[in-house]
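Here is a short briefing to read alongside the model. Shall we start with the overall picture and then move to individual residues?

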Amino acid sequence: MTNLPAVERFIASTGARIYRIPVEAFPGFIAYCYLLLEAGVPTLIDTGSGLGRSNEQLLAGIDAVRTDFGEPITMKDIKRILITHGHIDHFGGLASIHELTGDAQIAIHQLDRRVLIKYEERVLVATKDLRVYLERAGVKPQHRENLMQMYGFAKKEFRSMRVDLSLEDGMVLDTMTFIHTPGHCPGQVCIIIGDVLISADHILGRTTPHQSPESITRHTGLGHYLEALTKVSRIGGLRLALGGHEEPITDVYGRITAIRESHQRKLDRVIDAFRTADACTISDISKILYPDRGGYEVLLALEEVGAHVEYLYEHGVLEVSNLEEVEREENPAILYRLTLTVS
């Protein structure tokens, strides 16, 4: 069992009190939910995955806010639940947690709204799109089926939920301002509370948030992500960012620069990999860049590489080398190569 960090309190310049509550979203993988007080009605930001002991840990965190910090708060006092984006580690516990609040208002960005209200439909469509992507990426049939089984394993645990409020870019709710930051997820939002940014999975303290290509899901992709980073970098006066994982970020703008540099290094590595062969699939490049990945991490690597290959293709650095096969076959693996001006 993973030892969880303690609940922490942060104070925004508006006087809002932000409590960071850790949960084990997946085995060995910690996510953070946030209880927000004095920023309008008592608000919970994200609900963990609902898997394992995640719900129990979130409730224990709420108890700790009351017993360790002296806040007279119970689950019934929470009147609003904000979901920062439509990934299971952030919304999976919603049904159980919402029931304990009585009838808290549920809010999510409009581009991720369907993930909640039509969950079963969204999983079906996303599964089909992922299968097509893996075929085009050049993943062999047996390996592809194994990846698809891993992808769908945990997704059967959830069900559709209602949404009461659709969040939009620039929207102000009490003392919170919402910034739409797509790329990691179509409806990802960051929340500005005075001089504090709830950055969710858009900006993390140590790692660069996972990217997947827009060919799987619209409004993901590296291009959208980098544009959203620029949007946040133009917001002045941010003292602190609190992410959905990892440690608090005390230099938000420096961290944005570091993430940009990391993605440029990945793009350079992809280009270098293409220089070693005449033409490669995304699967080929993934094996070169991430040769030691196993299990579910193989799928994450294929998506990460695919996002960077897609970006390079869109910017004219790569071209398709097997156009005749693409025209002739229903869904062949796509071979890329460097354009003449790059190679």
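Of the 343 residues in the protein, 53% are buried (under 20% relative accessible area, with exposed meaning over 50% and partly exposed in between; 1.4 Å probe, protein chains only). This is a predicted model, in which local features need pLDDT of at least 70 and side-chain atom pairs count only at pLDDT 80 or more, while totals for chains, interfaces and linings use all residues. Residues are numbered from 1 along each chain as its sequence is written, and side-chain values use heavy atoms, with hydrogens and water left out.

**Overall build**

- The protein has 11 helices and 14 strands, taken as DSSP runs (H or I of at least four residues for helices, E of at least two for strands) and numbered from the N terminus.
- Its radius of gyration is 21 Å, close to the 20 Å of the globule rule for 343 residues, so the protein is as compact as a globular protein of that length; the radius is taken over C-alpha atoms, and the rule is 2.2 Å times the number of residues to the power 0.38.
- The C-alpha trace spans about 65 × 40 × 35 Å along its principal axes.
- Of the contacts (heavy atoms within 4.5 Å) between residues at least 6 apart in sequence, 64% join residues at least 24 apart.

**Surface and charge**

**Aromatic rings**

- Rings of Phe, Tyr and Trp (its six-membered ring) pair if their centres lie within 6.5 Å, with planes under 30 degrees apart counted as stacked, over 60 as edge-to-face and the rest as tilted; the count comes to six aromatic pairs.
- One of them is the edge-to-face pair of Tyr19 and Phe69, at 5.1 Å centre to centre and 70° between the planes.
- That pair links distant parts of the chain, with Tyr19 in strand E2 (residues 17-26) and Phe69 in helix H1 (residues 54-69), 50 residues apart.
- Tyr19 is buried at 0% relative accessibility, whereas Phe69 is partly exposed at 26%.
- Phe26 and Phe29 are stacked, because their ring centres are 6.0 Å apart and their planes are at 15°.
- Phe91, Tyr119 and Phe158 form one aromatic cluster.

- Leu59 lies in helix H1 and is partly exposed, with a relative accessible area of 26%.
- Leaving aside residues up to four places away in sequence, Leu59 touches Met75, Ile97 and Leu100.
- In helix H3 (residues 94-101), the buried residues include Leu94, Ala95, Ile97, His98 and Thr101.
- The cover over the buried residues of H3 includes H1, strand E5 (80-83) and helix H4 (113-117).
- After H3 comes Gly102, with a positive phi near 100°.

**Backbone points to look at**

- Most residues other than glycine have a negative phi.
- Ala200, not a glycine, has a positive phi of about 50°; Ala200 sits in strand E11 (residues 196-200) and is buried at 3% relative accessibility.
- His219 also has a positive phi, of about 75°, and lies in the loop between E11 and helix H7 (222-233).
- At 24% relative accessibility, His219 is partly exposed.
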